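Reader: Please take me through the classifications made for this model, setting each value against its criterion.

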Amino acid sequence: MKTSNFLGRDWLDPELSYTREEWDTLLDVGFELKKRFAMGQDTSGILKGKTLFTMFFNQSLRTRSTFDAGIQQLGGFHSSLEPGKTYTPARKGFDIPYKTERISDVARMLSRVGDAIAIRMYGPPAGWNYGFAHATMQEFAEYADCPVINMECDKYHPCQALADLMTIKEKFGTFKGIKLTMSFAYSGSIEKPRAVPQSVVLAAALMGMDVTLAHPEGYELDPEVVKQCEKYSKQYDGSFQVINDFDKGFKGAHVVYPKAWGAHTCFNYFDPKTGKKIKDQDHKEATRVNELAKGWMTTKKQIDMIDKNGIYMHCLPADRGQEVTDEVIDGPKSVVIDEAENRLHAHKAIMALLMGGRL
Ligand code: CP
């Protein structure tokens, strides 16, 4: 197992910046650490004495608890830097006197005293400006001498994608020939990031799966993500299609992943080069398409259409009674707790490889 090419790297958008082979290594290391955890083996030498700083601009259960437990199980320490209790890190041009601190200073300071900086930011802290949170993490990475880890931004949730690939591999033993449908699901909340669906379709296409993206009109993902999925499907001998039919996405699928995300009208858009605003969010239109999507709830009817060995996935938290019925999410096809558990092993693999563990 070759691991040295990971040392010191950032984990911002690995669905684009890490190779297929590197994802295979991450999966191998995740399974190895899961095995050692199950056998009660001591792994505290792997990141002995190393420090992980986390910054959560949004709420979290799974990501927070598993990074915290994971670094300690590898022998390191966790320091939670709550924005608001520190001076809120700000990008160049977004400073507020005595409330914010320029990211260049924060990143350079933390690099001197710790070994990785992990950040979660999307939605309100980024003003629902699509790409702002990702650009914030890129600015951290520009100045930090240690790895910067994306714990979910407004474009990608690669930690979730790695744990989900682990879960699929455990259930089917392979990615080849596995039909995965990433589907929109209804939620009463119109404002949600599209990080999970974007990372899941990219990671699945990278692994050569047969990927279907299902959503109502108005819920299109980033066109760049769709383009990259098409490219990966050709490169890795899988397939990729986009459909606007809820039930069709379930028929014969091995993996169904129905999950709410925001309509494209719930975001503001900027030109990434000039910073000039291109389009304002339109809540009236986002509400209109959301009302039309009320039927996109996963019930037993849809689950009865999937492959006999098929599984239901969701990153959690789920909006029960809106995205999915209790009967489905608590039913025999559901693997949502396995996915959540795999967050621990996936995050340990990311930290061990990027922060310098020797397995
Ligand atoms: N799926 C996920 O990232 O969960 P949390 O928001 O609880 O971290």
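Reader: What makes Arg-120 and Glu-152 count as buried or exposed?

Author: Arg-120 is buried, and Glu-152 is buried as well; the term buried means under 20% relative accessible area, exposed means over 50%, and partly exposed lies in between (1.4 Å probe, protein chains only). This is a predicted model, in which local features need pLDDT of at least 70 and side-chain atom pairs count only at pLDDT 80 or more, while totals for chains, interfaces and linings use all residues. Residues are numbered from 1 along each chain as its sequence is written, and side-chain values use heavy atoms, with hydrogens and water left out.

Reader: Why is the contact of Arg-120 with Glu-152 called a salt bridge?

Author: A salt bridge requires a side-chain nitrogen of Lys or Arg within 4 Å of a carboxyl oxygen of Asp or Glu. The closest N and O atoms of Arg-120 and Glu-152 are 3.2 Å apart, so the pair qualifies. It links distant parts of the chain, with Arg-120 in strand S5 (residues 116-120) and Glu-152 in the loop between strand S6 (148-150) and helix H6 (158-172), 32 residues apart. Helices (H or I, at least four residues) and strands (E, at least two) are DSSP runs, numbered from the N terminus. The whole structure holds 21 salt bridges.

Reader: Why is the aromatic pair of Trp-11 and Trp-23 called tilted?

Author: Rings of Phe, Tyr and Trp (its six-membered ring) pair if their centres lie within 6.5 Å; planes under 30 degrees apart count as stacked, over 60 as edge-to-face and the rest as tilted. By this rule there are 15 aromatic pairs. Trp-11 and Trp-23 lie 5.7 Å centre to centre with 40 degrees between the planes, so they are a tilted pair. Trp-11 lies in the segment before helix H1 (14-17) and Trp-23 in helix H2 (residues 20-38), so the pair ties together parts that are 12 residues apart in sequence. Trp-11 is buried at 0% relative accessibility, and Trp-23 is buried at 0% too.

Reader: What makes the pair of Tyr-232 and Tyr-236 tilted?

Author: The centres of Tyr-232 and Tyr-236 are 6.0 Å apart and their planes form an angle of 50 degrees, so this pair is tilted as well. Tyr-232 has a relative accessible area of 6% and is therefore buried.

Reader: How do you know that Arg-9 sits over the ring of Tyr-18?

Author: The rule asks for NZ of Lys or CZ of Arg within 6 Å of the ring centre and within 35 degrees of the ring normal. The charged end of Arg-9 sits over the Tyr-18 ring, 4.0 Å from its centre. Arg-91 likewise lies over the face of Phe-132, at 4.5 Å from the ring centre.
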